[in-house]
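Here's a quick walk through this one. Have the chain open beside the text and follow along.

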Amino acid sequence: MSDPKPPEATKASLCVLCRRGPATPAFHPFCSRRCADLDLARWLGDGYRIPGRADDPDEDAEYAASGERTG
Ligand SMILES: [Zn+2]
């Protein structure tokens, strides 16, 4: 009657990032190196760029200006 331990605590801890797989000792508390890296990237913030994000307004502005000039 004095065991406020949640039932989930008995299970293996899940990856703190994706929570889809159990955390591995090698990358604890993450499930894989991928999750560990992603978490690190989030901490670093500006120092890391995620590939696949081609949304640079500067490029568009430059292109528009260039077209106007030539026109
Ligand atoms: Zn994970």
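## Helix α1

The buried residues of α1 are Cys35, Ala36, Asp39 and Ala41. Keep in mind that this is a predicted model.

Just past the end of α1 sits Gly45, with a positive phi of about 70°.

## The zinc site

Cys35 turns up again at the zinc ion, where the protein donors are the SG atoms of Cys15, Cys18, Cys31 and Cys35, lying 2.3 Å from the metal. Along the chain, the donors are spaced as C-x2-C-x12-C-x3-C.

What about the geometry? The four donor atoms subtend angles of 106 to 114° around the zinc ion, so the arrangement is tetrahedral. For reference, the ideal angle for four tetrahedral donors is 109.5 degrees.

Is Cys15 buried or exposed? Cys15 has a relative accessible area of 0%, so it is buried. Cys18 comes in at 30% relative accessibility, and therefore counts as partly exposed.

## The chain as a whole

Zooming out, the secondary structure amounts to two helices and zero strands. Of the 71 residues in the protein chain, 11% are buried.

As for contacts, take those with a separation of 6 or more: 3% of them join residues 24 or more positions apart. The accessible surface of the chain is about 6900 Å², with 53% of that belonging to carbon and sulfur atoms.

Definitions and conventions
Residues are numbered from 1 along each chain as its sequence is written. This is a predicted model: local features need pLDDT of at least 70, side-chain atom pairs count only at pLDDT 80 or more; totals for chains, interfaces and linings use all residues. Side-chain values use heavy atoms; hydrogens and water are left out. Donors are N, O and S atoms within 2.8 Å of the metal (3.2 Å for Na, K and Ca); water is not among the atoms, so sites may look incomplete. Four donors count as tetrahedral if all angles lie between 85 and 135 degrees; four count as square planar and six as octahedral if opposite donors are over 155 degrees apart and all others between 65 and 115; anything else is irregular. Buried means under 20% relative accessible area, exposed over 50%, partly exposed in between (1.4 Å probe, protein chains only). Helices (H or I, at least four residues) and strands (E, at least two) are DSSP runs, numbered from the N terminus. Contact means heavy atoms within 4.5 Å. Accessible areas come from the Shrake-Rupley method with a 1.4 Å probe; for residues, only the protein chains shown count as cover.
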